[in-house]
Amino acid sequence: MITSAQNQQIKEIQALNQKHKERVKTGLFVAEGVKIISEAPKELIQKVFVSESFEKNNPDLIKDHRYEVIADPLFEKICDTKTPQGILAVLKQPEYEKKDLLGDDLNAPFILLLEDLQDPGNVGTIMRTAEGAGVTGIILTKGCVDLFQPKTIRSTMGSIFRVPFVCEEDTDNAVRWFKENGIHTYGAHLKGVCSYTEPSYIEGTAFFIGNEGNGLSDALSEKCDTLIKIPMEGRLESLNAAVASAVLMYKVHEQRK
């Protein structure tokens with residue numbers, strides 16, 4: 001049983017939880033909780049750690065894993081959550097290519113491009129909703145929050161393992177790729193020329209979702225095939241990025257079902 005905070009494995013877990021550079025350098029990340037670890041592909045799981053009390057109280061949940069035990073007080077200190085469940089894993093980061101975002105029906109990919117979203121809860125919730133709505137893939141710009149930081153991972157509720165994604169350094173490359181694959185691009189924007197309910201999304205579709213505070217940038221808005229808007233009552237100027245994304249995604253889902 002690991003009892004010392006100076007243990008090398010403990011230091012590695014803390015570094016992966018706290019440092020973006022460490023996650024980038026190693027290609028690893030930490031996930032906490034029974035649900036997300038049970039849904040993680042086995043080939044991605046590198047190490048499993050459990051608290052002393054978790055091992056005692058939940059033998060059936062860990063019988064299929066090789067694991068190491070950490071003393072309860074130390075386990076609580078290294079976790080990102082306030083009330084840890086008692087199990088965490090170090091995993092390889094899933095990797096995809098753009099072609100993986102096209103889905104099985106190459107005539108009707110359904111993709112989101114997230115531009116510089118900063119809130120981990122928004123990005124995680126969007127990914128979770130994307131799975132439910134049938135999105136085939138997600139592109140994140142380089143200015144987006146780290147997908148593998150603990151809060152984002154928790155917010156995905158396991159969808160991180162099932163929704164293909166890529167990070168894009170140059171949005172011009174993404175725009176060209178959409179055109180090459182016959183995917184019509186829609187920007188969610190206050191200057192939208194039509195309501196989101198008007199277009200047909202039966203064929204290849206991509207929604208561009210902008211930063212929480214600034215919305216979609218002018219540079220990317222100008223490259224969209226169509227700007228659309230979500231009508232709002234009252235004095236609101238915009239919706240939360242995750243809420244707006246959900247509204248748009250489920251309109252596509254409705255049309256395609």
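Modeller: We can begin with cavities: on a 1 Å grid over the protein atoms alone, a cavity is a set of points where a 1.4 Å probe fits but cannot get out, while a pocket is an open set with protein on both sides within 12 Å along at least five of seven lines; lining residues have an atom within 4 Å of a point. Grid points are joined across faces, edges and corners, and a volume is the space filled by probe spheres set on the points. The model is a predicted one, in which local features need pLDDT of at least 70 and side-chain atom pairs count only at pLDDT 80 or more, while totals for chains, interfaces and linings use all residues. Residues are numbered from 1 along each chain as its sequence is written, and side-chain values use heavy atoms, with hydrogens and water left out.

Colleague: How many cavities of 30 Å³ or more does this rule give?

Modeller: The count is one cavity of 30 Å³ or more. The largest cavity has a volume of about 50 Å³. Its lining consists of N17, V30, A31, E32, D80, P150, I153 and R154. Strand 1 (28-32) and helix 8 each give two or more residues to that lining; helices (H or I, at least four residues) and strands (E, at least two) are DSSP runs, numbered from the N terminus.

Colleague: What is the volume of the largest pocket, and which residues lie nearest its centre?

Modeller: The volume of the largest pocket is about 520 Å³. Its lining has 22 residues, with A188, H189, L190, S238 and L239 nearest the centre. At least two lining residues come from strand 11, and at least two from helix 11.

Colleague: Why is L239 called partly exposed?

Modeller: Buried means under 20% relative accessible area, exposed over 50%, and partly exposed in between (1.4 Å probe, protein chains only). L239 has a relative accessible area of 32%, so L239 is partly exposed. This residue sits in the loop between strand 11 (226-229) and helix 11 (241-256).

Colleague: Which aromatic pair is an example of the tilted kind?

Modeller: Rings of Phe, Tyr and Trp (its six-membered ring) pair if their centres lie within 6.5 Å; planes under 30 degrees apart count as stacked, over 60 as edge-to-face and the rest as tilted. There are 10 aromatic pairs in the structure. In one of them, the ring centres of F178 and F208 are 5.7 Å apart and the planes are at 40°, so the pair is tilted. F178 belongs to helix 9 (residues 171-180) and F208 to strand 10 (residues 205-209), so the pair ties together parts 30 residues apart in sequence.

Colleague: Are F178 and F208 buried or exposed?

Modeller: F178 has 0% relative accessibility, so F178 counts as buried. F208 also has 0%, and therefore counts as buried. Y186 and F207 form another tilted pair, with 6.0 Å centre to centre and 55° between the planes. That pair links Y186 in strand 8 (residues 184-188) to F207 in strand 10, 21 residues apart. Y186 has a relative accessible area of 5% and is therefore buried.

Colleague: What makes E12 and K47 a salt bridge?

Modeller: A salt bridge is a side-chain nitrogen of Lys or Arg within 4 Å of a carboxyl oxygen of Asp or Glu. The closest N and O atoms of E12 and K47 are 3.8 Å apart, and the two form a salt bridge. E12 is in helix 1 (residues 8-18) and K47 in strand 2 (residues 45-51), so the pair ties together parts 35 residues apart in sequence. The whole structure has 12 salt bridges.

Colleague: How do you know that K99 is exposed?

Modeller: K99 has a relative accessible area of 57%, so K99 is exposed. Its salt-bridge partner is E97, at 3.7 Å from N to O. E97 has 48% relative accessibility and therefore counts as partly exposed.
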